[in-house]
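User: I have a structure open and would like to go through it piece by piece. Can we start with how some of the helices pack?

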Amino acid sequence: MLSRFKLKKSLRKHNNQKGYIKILLATFLVFFFILLTGGITGFAFIQSAPNLTEEQLKHAQSSAIYDMNGNKVADLAGSEHRILVDIENVPEHVKQAFLAVEDVRFKEHFGIDVKRIAGAALSNIQEGWGAEGGSTITQQVVKNTYLSPEKTIKRKIQEAYLSIKMERKYSKDEILEMYLNKIYFGHGAYGIGAAADVYFDKHVDELTVAEAALLAGLPQRPSGYDPTKHPERALERRNLVLSLMEKHDFITKAENKEATATKLENILHKKSDESIYQSYIDYVLDELKEKGIKESELYTGGLKIHTTLDPKAQTHTENMLRKNDVIPYPNDQFKAGVVLLDTKTGAIRAIGGNRNSAEEQIKRGFNFATDIKRQPGSTIKPILDYGPAIEFEKWSTYHQIEDEELEIDGKEFKNWDEEYHGMVSMREAIIHSYNIPAIKTFMEIGGERSVKFANQLGIPLKHAFPAYAIGGFGDGVSPLQMAGAYAAFGNQGNYTKPYALTKIEYPSGETKSFETKPKKVMNQYTAYMVTDMLRDVVKRGTGTLAQIDGLDVAGKTGTTNPPEGIEDGSTDAWFVGYTTQYTAAVWTGYEQTSTEQYVTDEDAKISKLLFKEIVGHVSKEIETPAFEQPSTVKEVKIDKRNGQKASSYTPSSSIITELFVKGTDIPDAYKPVIKKKPKKNDTSDEKRKKEQEEKKKREEEEKKKKDDENSGGDGSDDGSGDGDSGGDGSGDGSGSGDSGGDGSGDGSGSGDSGGDGSGDGSGDGSGSGDSGGDGSGDGSGSGDSGGDGSGDGSGSGDSSGETSGTSSGSGSTSNSDSDNKKNDNS
C-alpha cells in the first residue's frame, strides 16, 4: 500500500501530466488556428502580443473621459473606489457565484474552454462573426488588461496565446483573485472588496448568498443592472445567478429559495457618487454601447475616451438646473432637461439631465435631456408644418392662411386664445403660435411629405395626423432630438446627428475615430425663411423672454394641454432656439402631471429663461455672426393694408418686409375674413348684457368729457391737425378731432365722440371713432362703442362697433401671447 506522502506525490505527478497534456492540446489548437488564418500573419500576431506583467494584471485600468480640448475631466467610473482582497478571505459561495455565471469549468480548463469555444463557433457560423463569445475568466483578465475590445481575429489569437501563457505562470487561485480585484461593479467600485462596501457596507467575508449573487450579476452591465437605478433588472439578473448556482450544485434548492426571497431594500446601502458631468457621462456610455463596445470592457480597459464636452458649458448648465437664485423654480419636484449643441457640427457641448441633488439622483438615474419622450407642443410647427410648406411648395412668409373654425372627424380645434383671427400670414401664425393655421398648412402639404421632412431632421415618425401638426402625438420627443432638428435650420439646411464621441485610444496604442458627417436635408431658402420667422417669435412673439442682448436668436415656444380640471396651466413647457454658434433645447415639467402638480403660466417662462442664461453665458467670449440670407431668398416690401407690393406712396407705417423664394410670384391682394369666437362659458345673453353695460359706462364717461371740453379751433397742417371741438383737423399727415370734430387726412383720422374721422380717399393711414364716431380710412379704423371702424388696412371695435376692412381686424380685448396666457397647443 502506498504511503500518504507517496499517494500525494503520485496524484500531483498525474495532475501535472494531465496539465501538460492540456497545454499541449491548447498549443496545438492555437497553432492550428494560426494556420487557418494564414501562417505568417498568425505568427506575426503572436510576435506583437504584449508581455504579461503582474502589476498590470492585478490592477484594473479605469477608462477616462477627455473634453473637447483633450483634457481629462473625469474617470468613466466616477470617483474610484478600490479595496484589494486576498483570495483566502473570499468565502466559497462568493467564488461560486462568479464561477456559475462567468466560467463554470474554470478549474478544469487551461485558459481556453474548448467546449465553450465550440458552442460559440457554432453560434458565429449561424449568426455571423462575433455573435457569441467563449471567453473564460482567464481570457477576460487578459483582454481587459492588454487588448482592445474589438472582435477581430488578431485579438482572438493574442487573447488565446496570452491566456495559455498566463495559466502556465499563475495558479487558478491567483488568476481568480486578479479577476475579482479587477472587475468593475458600478458606482466607482473596482473589485469585489469595493463592491461589498459600496452596495452593502460590508466586508467580503460578510456577504450572504443573495448578496454574492447580486454582485456576480453586475460586471456584464454595471449600469444596466444597477440595483439602485434598475431594481427589477437587478433582481432578474440575481435570480438567474442563483438558479445557475443551484444547477451546478453550489447551493441547495432551499438556499436558492431563501436567497431569492431577499428584498433589495433590506440589504442595499446607497452611496452618492454623482458629479456635474454625470448626465454627460451617461450619454457617452450609451453612445459607446451603440458603437458595439461592451460596458464591462469600458470600465476596466484603460481607454482614453475623447468627447465633444465643453466643461465650462456643462458646469454652468448644471448650476442653472440645481440653483434657485437665478431661475425661479416652483419646487424641487419640478424637472428640466437641457441639451446644448454646436449648431454647425452637431457636437454636444453640455447635457443637463436632472435637477435633483446627487443623493436623489442616484435613486432615479433618469436623464431628462436624452431619455424622456414628451409631446413637443408648438415647437413641432417648423418641422411638420411650415418647414415642409416652404420646402415643397415654396410658400412665402407672407402666405395667407384663413384662421377660422375647424372641425376634423368630430374634433373641434382651437387656438390658445380661443378666438379666430381671419386671414393671417404664415409669419404671424407662427409668431403668435396659432394652432388652426398650422393644422391647415399640414393638411395642405400632406402628412406623407411632412413625415419625410421630420425624419430627415432626426424625428422618428412613422405617420402623422392633423393633431401631430401642433405636437399632439403620443410617442413624443426628447430635447436631444429637438436640438438636432433645430440646428439644421441654423446650419443652412444641413443636419448632423448629435454626437458626443470623437475617438478612443486603447492601451495598446490603437486609436479608433468616429466621424459624423452632415447631410443636406432641405434647401437653404427653407432653412433661412424658417429662421427669419423664428427670429420674430423671439423679438415680438411668444418667445420674447429668450432674447439675448447682442445675439441674433431664433426659436420657438411650445406647451401642451394639461389633464382635465386644470384651467390655466400646461403639462409640458418647451423652448428650442439657436444662434449661428449654439442650439439649445429645453424641456420643463413634472414626471407626473396632476391638478396639484402642473406647469403654471408663470412656470412656463422657465424654459425660456434657462435658454437665455445658458446660451448667453457660453456666447460671451466668442463672436456670433448673424444669420445670412442666401441668394435664393428675396425680400419684398408689402403694403399690409391690401396685401400688394408696396409703392413709393405707401406710408412707412404700412410697410412690412416678407421673404419669397426667388422666382416665385407675389399673390394678388387678399380679403380678410374677421370672425370672433366667444370665450369659453360666455353665452350670447351674458355677452350682450356685458356689452350693454360697458357701452352705457363709456357713454357716461364721454358725456362728462364733453362738458369739460372747449369748442372751435382749427388745427390743420401738412404733418398733423388737431381740432378740439367741432373743428376741422385736416392735413396730409394725420388729423384728429376730439369732440364732434372732423379729423381727416391722408395719414390718419380719428374722432372721439360722434366725430367723423374720414380722410382724402378714405385716408391712407388710419381712422378711428371712439363713441359713435365714423373712423374710416385705408389704413385702419377703430370704433369703441357703436362706432364704424372700416378701412382697407385693419379695423378694431370694442362693443357693438362694426369692424371691417380688407386687411385684418381685431376686437379691443387684449390678446396676450402664450408666454402669459393659455397653451399654444390644443
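User: At what angle do the axes of α4 and helix α11 cross, and within what distance do they come?

Analyst: This is a predicted model, where local features need pLDDT of at least 70, side-chain atom pairs count only at pLDDT 80 or more, and totals for chains, interfaces and linings use all residues. Residues are numbered from 1 along each chain as its sequence is written, and side-chain values use heavy atoms, with hydrogens and water left out. The axes of α4 and helix α11 (residues 231-247) cross at roughly 100° and come within 9 Å. Axes are lines fitted to C-alpha atoms, for helices over the stretch in contact, with angles from 0 to 180 degrees between N-to-C directions. Helices (H or I, at least four residues) and strands (E, at least two) are DSSP runs, numbered from the N terminus.

User: Why give both an angle and a distance?

Analyst: Because two packed helices are described by the angle between their axes and the distance between the axes.

User: What do you call the arrangement of α4 and α11?

Analyst: α4 and α11 are roughly perpendicular to each other. Angles under 35 degrees count as roughly parallel, over 145 as roughly antiparallel, 65 to 115 as roughly perpendicular and the rest as oblique.

User: Which residues meet there?

Analyst: From α4 there are His 93, Gln 96, Ala 97, Ala 100 and Val 101, and they meet Arg 237, Val 241, Leu 244 and Met 245 of α11. Contact means heavy atoms within 4.5 Å. Sorted by class, this contact of α4 with α11 has 6 nonpolar, 2 polar and 1 charged residues. Ala, Val, Leu, Ile, Met, Phe, Trp, Tyr, Cys and Pro count as nonpolar, Asp, Glu, Lys and Arg as charged, and the others, Gly among them, as polar.

User: New topic. How many aromatic pairs are there?

Analyst: The count comes to 14 aromatic pairs. Rings of Phe, Tyr and Trp (its six-membered ring) pair if their centres lie within 6.5 Å; planes under 30 degrees apart count as stacked, over 60 as edge-to-face and the rest as tilted. Phe 98 and Tyr 179 have ring centres 6.5 Å apart and planes at 80°, so this pair is edge-to-face.

User: Where do Phe 98 and Tyr 179 lie in the chain?

Analyst: Phe 98 is in helix α4 (residues 92-102) and Tyr 179 in helix α8 (residues 172-182), 81 residues apart, so the pair links distant parts of the chain.

User: Is Phe 98 buried or exposed?

Analyst: Phe 98 counts as buried, at 0% relative accessibility. Tyr 179 counts as buried as well, at 2%. Buried means under 20% relative accessible area, exposed over 50%, partly exposed in between (1.4 Å probe, protein chains only).

User: What about Tyr 486 and Phe 489, what kind of pair do they form?

Analyst: Tyr 486 and Phe 489 are edge-to-face, 6.0 Å centre to centre with 90° between the planes. Both lie in helix α21 (residues 479-490), 3 residues apart, about one turn of the helix.

User: Last one: Ser 450, buried or exposed?

Analyst: Ser 450, in helix α20 (residues 447-456), is buried, with a relative accessible area of 0%. Not counting residues up to four places away in sequence, Ser 450 touches Ile 383, Leu 384, Pro 388, Phe 442 and Ile 445.
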